[in-house]
Amino acid sequence: MADNLRALFSSNDPSAFDVAEAFTDRNSQWAVVAAALEEHLRRVAGGAFDVEDLEAPRTNVIVFHGVGGVGKSTLLRKIEATLTAAEHRPEQWGAPTWTERVLPIRIDLSRAASTGSDFERVILTIRLALAGALDRTTVSFDVALRNYWEHTHPGEPLDEYVRRSGLAGRFANLLPGQLQAGVGEVAAALALPGLVGSAAGQLTGALVSALRERQERARALAGAARTAALLEATPDLEALSYYPHLLAWDLNQVPAKKRITPVVLLDTFEDTADRHRDFERLLQRLVWLMPNVFFVIGGRSRLPWADPALHGQLDWTGPTAWPGLATAPTSLTVPQPRAAGSGARQFLIGDLSPEDCETHLARRLVHDGEPLIAADIRAAITARSHGLPLHLDLAVSRFLEIRRTGRTPTAADFDCTFPALLARTLSDLTPEERHLLRSVALLDAFDLDLATRTAGFPQQAPARRLVERPLVTEDPYALWPYHLHRAIRSAVQEDEHSDDRWTDADWHQAATRALAALGDQWTKAAGLAPSRMLLVACLRQGLRLARDHRLTGLGWLIEAAFVYTDDSVWEPLTPPTAATGAPDTPADAVAELLTAIARRQREHRRRTADRLTAVLDTGLLPAELTEMALYYRAKAHKDLSQNDAARTGMQQVADAEGRLAVKARRALANLARLAGDFPTALAAVPTLGWKGRHHRVLGDIHWSHADTAAAITAFEAGRAEAEQHGAAGERAMMQVRLALAVSFADPDRAADELALAHQLLDGLDQRSNTLLAQVVALIKDAGASDRDVAARAESLRTDIEAAGLPFLHRFVEFALAFHHAVRGEDQDLAATIGRLRTLTATGDFAYFTDIAHFMAGLPLPAPSTVRWIRSEDDVRFAWRGLVQARQEYLLAGH
């Protein structure tokens, strides 16, 4: 309602729009409360329930915890309203199934003093609510309360205190009268009418004496077994915290037809925190001593009462005492009603979904039945909020504030965070935790070690405390299990108002520590058991940190870049907040280099070449990575069939004798093969070794000569070598080429090899090899009349063009030439040879045109410039033999 009133008073014309409460989602939380309350009512009504049993485990409490602003107080207020009257229940909440009377009592603990003295307020609030609901005395408790009051507040009437403390309500005036009536009932029952107007101490003394003498009337009046001991105790705050036991007993004596079950909602429980848990201890006694009362607690942190480590700090601790609170609080979602019966009593409240954010904003302000906040603004607010309800409410206030100036709000006005959100978050953090919060805001995800080192702390204890707070989400299955709530992370990073906000130098120092910590984690792990997942995760975070904070000591990032590219897997590395404009620091240049290399699997190779040229032109790359940019630009030129530029680039890298020199020499050997100079390519193989992928080069030479057996042997050896080195990308490439060699000679085996190739390619982002595998499928099906090879080839041409890999067009035509030669389709073959001749006019892949003639047994139109490693007649005979073998295979009915 406070938000509604703020909106109402934000304009001189409140009739211009309607301010409505927009309560969304939380139906799962209500379902849990409803199911747990129904279970509680059944248990209390059962014959085995004993209100004086102080040893039985307690299940009369349910806890909702979550980050500040996630909607805990709103949820508790809505539960209170729902339990008060059915018409206040949200439409999406189902009707409760119980018929018993319940009394909701919501208590805001945010005004409670850390000394615990305001425990009186909690007790009086509950008793005041019962004063109106029961319209009768609670004799045992009332006598004890009056005795406490006259000893602790001598000369101060209770009704005056109620008015002064802000507890007054429509039933406040009933309480003093009921307390006096309770005294009268005791005096009459004890046949001591002269005590009616006497001091509470005299009455208490008489009652205690009567109980000791086992007078039946006294026992019937105050029959709780521990009444006498409680009344004899010094009436101080400590004794008051045990009086709820008497109130629970009194409530249990109410006749069944008039009985009512209080539902006490304790809001903002985090404000009870103090060094020695004094106030929390008193509240825990309240919950434990009133097992017939149902409690709903809302706070920022989970309730740790089931933690055995608190033994001695609180009266009842451990999972035996509080079985429902021992449930692991890692889930972000509240279970459905059936889960409540399992004993779970503690739940983390998650953020609103984008759909619920939209609903909230659309309903919040309405004009003529239409949302006052435009759709584009609602979308901008939703994106910025990350589902945090507090952000939505602050955005609505900002909308009205802008509107009040006479300007129409725009979506750009809401691309911001709110200081109030951060202030709410920081309010209950220690200085160490505030420092840690800002430190981990630099990280997408973290563990205790990473957080501690980024903060520059010598021990992990502060990080362990921070991750237990709901503003940090845990995914136990992630590489780094913790991450900061995104809305809070944005607010921390953009903070310009907090008294202890960081300077640019503070952020730079923390980013330097974070980068070093990431590098140490990766380096140590790589020395034990290399992890591709850790490598990529460290690169993603490290590149963003180095780029965003202009870090100069790139160190481990250079080595990690080489390891990343070695395996040809190509997971995306684009940092979450991409830089705009040309790189202007070495970190910018490295980030752009690796992003361009990785994205070449999803971009046209022309775009890749242009991006790498732009990075090289900045002159910002370290020398080792300049070599990398030259190498991958040359690869892009090769894929674009710009082989002269490719040769120039590869020769430059080879001459530098750097880390990529061997790979550049392999590329030069491949370029020689593409030009039809097979002897030069073959001569380079012995110098390449594993790093130069010698088996791949050799296999490509052999299958080009139709020596499929030798090619299969080479590719199998290359695949085995890749497996030995744990190189998943190279293994997949070798498998595609193995399937290529097999597809000409053994279509049946080729199907199995292709299936394995697709399995190995899955998730590797090797676009060119994925498309080559589709070419292999055409070759495998060549000659078959029912495989629609020509139509599939046409579709494949479109995909190749979109990928910017024109060299693969030659492979498609090569596959079609084999298909038409097998089928004896002379005209189609002539057309295919014509297209091949055009595609190989530069001289590269010209041997494909020669092979197409060999397949069909056709003479070459002119002397060939191709230099084979065997005689041309041998190559012609081998290719013609593969065609004839396929014809025989098809005639056999395969």
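## Basis and terms

A crossing of two helices is left-handed if the near helix is turned anticlockwise from the far one by less than a right angle, and right-handed if clockwise. The model is predicted, so local features need pLDDT of at least 70 and side-chain atom pairs count only at pLDDT 80 or more, while totals for chains, interfaces and linings use all residues. Residues are numbered from 1 along each chain as its sequence is written, and side-chain values use heavy atoms, with hydrogens and water left out.

Helices (H or I, at least four residues) and strands (E, at least two) are DSSP runs numbered from the N terminus.

## Helices H28 and H30

The axes of H28 and H30 lie 11 Å apart and pack at an angle of about 15 degrees (axes are lines fitted to C-alpha atoms, for helices over the stretch in contact, and angles run from 0 to 180 degrees between N-to-C directions). H28 and H30 are therefore roughly parallel to each other; angles under 35 degrees count as roughly parallel, over 145 as roughly antiparallel, 65 to 115 as roughly perpendicular and the rest as oblique. The crossing of this pair, H28 and H30, is left-handed.

In the contact (heavy atoms within 4.5 Å), H28 supplies Glu 627, Tyr 631, Lys 635 and Lys 638, and H30 supplies Ala 661, Lys 663, Ala 664, Arg 666, Leu 671 and Leu 674. By class, there are five nonpolar, no polar and five charged residues in the contact of H28 with H30. Ala, Val, Leu, Ile, Met, Phe, Trp, Tyr, Cys and Pro count as nonpolar, Asp, Glu, Lys and Arg as charged, and the others, Gly among them, as polar.

## Cavities

The structure holds four cavities of 30 Å³ or more. On a 1 Å grid over the protein atoms alone, a cavity is a set of points where a 1.4 Å probe fits but cannot get out, and a pocket is an open set with protein on both sides within 12 Å along at least five of seven lines; lining residues have an atom within 4 Å of a point. Grid points are joined across faces, edges and corners, and a volume is the space filled by probe spheres set on the points.

The largest cavity contains about 650 Å³ of space. It is lined by 35 residues, and Lys 635, Lys 638, Arg 696, Met 733 and Arg 737 are the closest to its centre. Elements giving two or more residues to this lining include helix H28 (623-639), helix H30 (661-674) and helix H34 (728-745). H30 gives the most, with six residues. The lining of the largest cavity has 14 nonpolar, seven polar and 14 charged residues.

The second largest cavity has about 60 Å³ of space. Val 67, Gly 68, Arg 300, Thr 425, Asp 428, Arg 469, Pro 470 and Leu 471 line the second largest cavity, and by class they are three nonpolar, two polar and three charged.

## Second largest pocket

The second largest pocket has a volume of about 900 Å³. Of the 28 residues lining this pocket, Ala 273, Arg 277, Ser 301, Pro 304 and Arg 469 lie nearest its centre. Strand S5 (294-299) and helix H21 (461-467) are the elements that give two or more residues to the lining. The lining of the second largest pocket divides into eight nonpolar, five polar and 15 charged residues.

## Helices H33 and H34

The axes of helix H33 (residues 708-724) and H34 come within 8 Å and cross at roughly 165 degrees. That makes H33 roughly antiparallel to H34. H33 passes H34 in a left-handed crossing. Among the contact residues are Phe 715 and Arg 719 of H33 and Met 734, Arg 737 and Leu 738 of H34.

## Helices H16 and H17

Helix H16 (residues 375-385) and helix H17 (residues 389-404) have axes that come within 9 Å and cross at roughly 140 degrees. That makes H16 oblique to H17. The crossing of H16 and H17 is right-handed.
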